Amino acid sequence: MTTPTEHRAPVQDATAATDEPTATSGSRTTRVLGIILFPVLALWAYLAFVGSPADVNQGEVVRLLYVHVPIVVLAYTACFISAIASGVWLWKRTQWWDLVAASAAEIGTVMVAATLVVGSIYGRPTWGVYWTWDARLTATAMLMLLLLGYLAVRRIPASTEVRGRRSAIVALLFVPNIIVVNQSVTWWRSLHQDPTLFRLNLSPEIEGLMFFTLVYSFAAGLLFFAWLLVHRFRVAYLQDQVDALGLDLALEERREEGWDDGWTTGGAPS
Amino acid sequence: MWCCVLRDAWLMAGKDLRLEWRSRVAINQIAPLALLFLVLFAFGLDPDRGILVRATPGLYWVAVLFCGLLAIQRSFALESADGNRDALRMSGLDPAGIFLGKFAGIAAQLLVLEALLVAGVVILYSARLDGFGLLALTCVVATSAIAAAGTLYGVLAAGLRVRETLLPLLLLPVLAPVLLGSTRAFEAALGGTTTDGWPWVGLIAIFALVYLGVGIAAFGSLMEET
């Protein structure tokens, strides 16, 4: 039979761990990355809104392209990372992959929402409407709902194992949906413009500083995404730690109650 | 191994369909509801039939989706009562077989429902059944996709307190491409341009195969949880 002190031991260790400075979502690497991000994003803002020339057809409105397209790419990347991490989780079953999938999906949800918002703002001057029942728009909205479903599944109270299994299977179905969103412009004749950069003949539609600004905004966006993902992952990890700690403390309190109630007469050490 | 899986699937589907046949919930409640949808759409849109004729494919598939949700929920409500879930897990049936059996049971009910709805749109919305082959194949392929995704998410949501609200939220976005494809295929068939419809049937078939594959692979681990 185990003694109460043995039960208490892991709780005390965990409490001690939270007092250490490691219980933050920052580290030296992420702080450096965060500081680097300031000039990187400032240069992006300069290039996008001031430095690059206005478009022949779209005029100043084209500047929204440098916001809209990187966000879309980030949203795809986040969903793919989430789906891949979920697949690996089903194979390896380690907490790390589960949390990566959850963090990426959450950032993906924000990015897809931002895509829809910025896209609407972009659509108003170029198409004359905020929203249209276009294939790509509708498919993106559906991806958003799928992600919200994923987050809802994660919020259902369950053990980490059960939660991971449920959410991994929901996340695996992101992939066919992203392919539909991405290909919808080609499959359906739609209002949304055709791919600008990634064409099969590798001759992009835009060039010069505009081209550079767009490529640069992808790079800056990915760096920003990496920073967000690391932080979100650490927060999720700490959250799981806190949940486990809360459970341990609750168990401990119940045990204390038991001993106070004269449970000790049964021979258990007090 | 596959013969055992198929035998288990056969047992499972037979059990579900026998239950449905004896309780008559699908015939007495879900089928009238499907016809009610058709009447409500007519009230909501245009009794003059102008819009109804043009919107027939979309309305048809929306009605199928809603009724499909009910059939899926019913199929898993059967398993959640009286600890049937544990009994099923202890039965020694192959999880892939259980998945395929559940899938086949739901698909069979949906196909009957779709036949009824086709009769409904012909009578109520004056739809003309040109391109019958395309219509029939679209029904079979889209039903497979709906039933496969429904079985996968049905077991995921079954046993949760929030299952009635969670299942539609999870399932409908996943089935949106199927709704789109089957609507377009029906439009092509009813509009007399069947050649436009076949690529859509292909697209739905890909989705159906993806959902079936994920279901066969993942059903066992989803059933384990309590």
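1. Let's start with a word you'll need throughout: two residues are in contact if their C-beta atoms, placed from the backbone, lie within 7 Å. By that rule, 17 residues of chain B are in contact with 15 residues of chain A. On chain B's side of this meeting, α7 (163-191) and α8 (198-224) each supply at least two residues. The largest share, 7 residues, comes from α7(B). Sorted by type, chain B's touching residues are 15 nonpolar, 1 polar and 1 charged. Here Ala, Val, Leu, Ile, Met, Phe, Trp, Tyr, Cys and Pro count as nonpolar, Asp, Glu, Lys and Arg as charged, and the others, Gly among them, as polar.

2. A quick word on what you're looking at. This is a predicted model, where local features need pLDDT of at least 70, side-chain atom pairs count only at pLDDT 80 or more, and totals for chains, interfaces and linings use all residues. Residues are numbered from 1 along each chain as its sequence is written, while chains are lettered from A and ligands numbered from 1 in the order in which they are written.

3. How confident is the predictor? pLDDT is its confidence in each residue, from 0 to 100. Chain B averages 87, and 98% of its residues score at least 70. Within chain B, confidence is lowest in helix α4 (residues 84-90), at a mean of 83, and highest in α5(B), at 92. For the model as a whole, the scores are ipTM 0.73 and pTM 0.76.

4. Now the make-up of chain B: 8 helices and 0 strands. Both kinds of element are DSSP runs numbered from the N terminus, helices being H or I with at least four residues and strands E with at least two. The C-alpha trace spans about 55 × 35 × 30 Å along its principal axes.

5. Buried residues make up 47% of the 226 residues in chain B. A residue is buried if 20 or more other C-beta atoms lie within 10 Å of its own, exposed if 12 or fewer, and partly exposed in between, with C-beta atoms placed from the backbone. Take Thr151(B), in helix α6 (residues 132-157) of chain B. Is Thr151(B) buried or exposed? Thr151(B) is buried, because 27 other C-beta atoms lie within 10 Å. Beyond its neighbours within four places in sequence, Thr151(B) is in contact with Phe99(B), Lys102(B), Phe103(B), Ile106(B) and Gly215(B).

6. Over in chain A, have a look at helix α3 (residues 65-92). Its 28 residues reach 40 Å from first C-alpha to last, close to the 40 Å expected at 1.5 Å a residue; the expected span is 1.5 Å times one less than the number of residues. After α3(A) comes Arg93(A), whose phi is positive, near 60°. Arg93(A) sits in the loop between α3 and α4 (95-127) of chain A and is partly exposed, since 13 other C-beta atoms lie within 10 Å.

7. Chain B has a positive phi to check too: Ser126(B), at about 45°, although it is not a glycine. Ser126(B) belongs to the loop between α5 (95-124) and α6 of chain B. With 11 other C-beta atoms within 10 Å, Ser126(B) is exposed.

Definitions and conventions: pLDDT is the predictor's confidence in each residue, from 0 to 100.
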